[in-house]
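Subject: Structure for you to look at

Hello,

Here is the structure I promised. Please open it beside this email and follow along.

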Amino acid sequence: MNIENTKAQMRKGVLEYCILSVLNNKDLYASEILEHLKQAKLLVVEGTLYPLLTRLKNAELLQYRWEESTGGPPRKYYTLTDLGKKFLAELDQTWNELNQAVQQVTQQ
Amino acid sequence: MFYIDEDAYQQLKNYLGAIERSLSSSEGKEEIIADIESRIAELFNEKLKDNKQVINQQDVLSVIQVMGEPEDYRVDEEVFGGDEKQSKSNASSRKLYRDTDNKMLAGVSAGLGHYLGINKNWIRLLFLALSGSGGFGLLLYAILWIGMPEAKTTAQKLEMKGEPINLDTIEKKVKEGYQSVKKNVEEVDLNEVGQKIKNEGKSLGDALSTFITEFFGVITTIVKGFFQILGKLIGLVLITVGSGVLIALLIVFLFMGMIDVHLAKDWGFIYQGFSDYPEWLMHLLLFIAVGIPFFSLLLVGLQMVFNQMSKLHTGVKVGLFALWLLSVVGLIGLGVTQLNSDVVGTQHLEEKNMLFEATTDTLTLDFKRDSKLDMLWEDAYWQDQRTLTPGYDEQGNEILASKKINLSLGLSDTDQIQVAVAKKARGLRYNSALDRAKAVDYEWSLNQDSLVLSDYFTTPSRWKNKGQSVKIGLELPKGTLVKMSERSAEGLEHFWQLNGDRRKNTHLWVVEDQDQLRCLDCE
């Protein structure tokens, strides 16, 4: 059992939830999402994000629109779909429950 | 838009290619790649802010560090890919790469081994077998070599060694193939097709050029290998010859040391020797002179077979060479002195006279034999009693014995019996020759009315083949009566003409002439 692997998997397990949460308040493009996640140290390398975004988009939890940017390539701004919002609400609930459960178990 | 240098471009291309391959199973792969590309572009833009114009390899490396290795893209799929059953197993299915880490030639067999889950050596054997039957294997190998990409990145190596192929993954592969075909048909775009052909043409060119460089690399490896094997074979031969001769020499050398006189009589040709010097010195010099060259042969052989063998210290080498030179010079010196040692021949004379009334008195003559020495000569290998033959005297000292005796009968001018015994020997100088002559031990006696001679002489064993011999000159007045035993007559007939039948026990002889006796009482 590799401790680094376990840590990475725990982090990655909540990544999808976190991406949806970050996008709940505001539409963001990939680099901004990355900033949030990296600040929280949820991500070690950026590459991990892209397959996730695509997966979420394919699951119709996200959608994106192109916006021109000043002095750079056009950006993809991601936003939550209705389905995504429902999904997020459910995940919020699950997370809280899970959080409580974990705390209860680990603090015993 | 930015400028990117050639190496950095290649690296970036490889990186994106690796990511693409590691994402092979996910839907929307192109989209992910596009997103990644735009993110990379963004990162490059940041780098170019401070007056920098060109993206170099350093920049690409730092970007890769930020973005993560291709594996990082894939592990995520494994974690999150639960809703796509097949993707899980497929993500880690094997890909066909050349395994250049375990290569013999170009890693084709090793790569195929990973792909098929077979030990690479079986595949190599198969290639060899196919090559043996008409060169088909070689062609196949070359084609695969061109066709199979080399596993360069960690991701590729992981893919190469992935999980065994099972029904799931095969099914998935088929589906995937179908989907990509469908997709391609749907998105036919002439431009894109043109681009693709161009790209493929380029990559084929690349493949060919890498193939050619690798091909020549392989040729040199083969040639090198051939000479290495040849070298090892030669080395083995050298080791065999060197050690064989050394062992043989050692045995002979040790054996020589053990040879004593008794053994030596059967080995006369060796024991006879030709040296005044101690035998062991000769043998030692011979051993060194012959042994050192073969020893160096052995060393060279060992070095050829085992490359890691440390070479001899130069001092040791020089020492060995000096020792060899010394022994050769010594041998030559011995040989020269030996050749010269027989130059001077001399004799040591012992004389005795005795007044004798020839017509009335009778001289009793006995030619004495030594039965012990006779037995020795019977056993001797070469049977020639005139050669110096090794044996022991009564005191147990080593001696050499010989019957090289010359006995001549002359007529005396006077009334006296004259006996002159000349012991002869040769040597390097007069003195040494005389010493050897004096050392010849010959027993004889003349007293009153009898002369007793030995039919052999002995000499110390340290002087071999020094031309030792004994010459006896016996002068008797004419008409002297000589009485001799049958045995004496037998011995003496080698030297004298004995007229008459001497088969009866004891006869009386009369001196008639030079070397001539006549039997008086023979029938």
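Gln497(B) sits opposite Gln516(B), a residue of β16(B). Strands here are DSSP runs of E with at least two residues, helices are runs of H or I with at least four, and both are numbered from the N terminus. Asn499(B) also has a bridge partner in β16(B), namely Arg518(B). Together, β14(B) and β16 (residues 516–519) of chain B pair in the parallel sense over three bridges. Two strands count as paired if DSSP finds at least two bridges between them.

A word on the model before we go on. It is predicted, so local features need pLDDT of at least 70 and side-chain atom pairs count only at pLDDT 80 or more, while totals for chains, interfaces and linings use all residues. Residues are numbered from 1 along each chain as its sequence is written, and chains are lettered from A and ligands numbered from 1 in the order in which they are written.

Strand β15 (residues 507–513) of chain B pairs with β16(B) in the antiparallel sense, over four bridges. Here Val510(B) has Arg518(B) as its bridge partner. The hairpin of β15(B) and β16(B) has two residues between the strands. Asp515(B) takes a positive phi near 60° in this hairpin.

These strands belong to an open sheet of seven, in the order β9-β10-β4-β13-β15-β16-β14 (chain B). Its pairing is mixed. Which strands form the edges? They are β9 (444–447) and β14 (497–499) of chain B, and each pairs on one side only. From one strand to the next, the twist averages 25°. Axes are lines fitted to C-alpha atoms, for helices over the stretch in contact, and angles run from 0 to 180 degrees between N-to-C directions.

**The four-strand sheet**

Chain B has an open sheet of four strands, in the order β3-β8-β12-β7, again with mixed pairing. Why do β3 (344–355) and β7 (405–411) of chain B each have one side without a neighbour in the sheet? They stand at the edges, so each has a single partner strand. The twist averages 15° from one strand to the next.

Strands β8 (residues 416–427) and β12 (residues 469–476) of chain B pair in the antiparallel sense over seven bridges. Val421(B) stands opposite Ile472(B) of β12(B). Helix α17 (residues 430–439) of chain B packs on this sheet and touches β3 and β8 of chain B. Its direction makes about 45° with that of β3(B). For residues, contact means that their C-beta atoms, placed from the backbone, lie within 7 Å.

**One loop residue**

Find Asp393(B) in the loop between β5 (389–392) and β6 (398–402) of chain B. Leaving out residues up to four places away in sequence, Asp393(B) touches Ile399(B) and Thr458(B). Lys372(B) is 21 residues from Asp393(B) in sequence, and their C-alpha atoms are 9.4 Å apart.

**The cores**

The largest nonpolar core has 34 residues. Such a core is a set of buried Ala, Val, Leu, Ile, Met, Phe, Trp, Tyr and Cys residues joined through C-beta atoms within 7 Å. Leu20(A), Leu49(A) and Leu53(A) have the most contacts inside the largest core. Among the elements that each supply at least two residues are α5 (82–106) of chain A and α2 (29–47) of chain B. A second, separate core has 33 residues, including Leu363(B) and Phe367(B).

Chain A has five helices and three strands. From the N terminus on, they run α-α-β-α-α-β-β-α. Of its 108 residues, 26% are buried. The mean pLDDT of chain A is 83; pLDDT is the predictor's confidence in each residue, from 0 to 100. Confidence is lowest in α1(A), at a mean of 75, and highest in α5(A), at 89.

The contact between the chains takes 20 residues from chain A and 22 residues from chain B. On the side of chain A, α4(A) gives the most, with seven residues.

Best wishes

Key
Contact = placed C-beta atoms within 7 Å. Buried ≥ 20, exposed ≤ 12 C-beta atoms within 10 Å, placed from the backbone.
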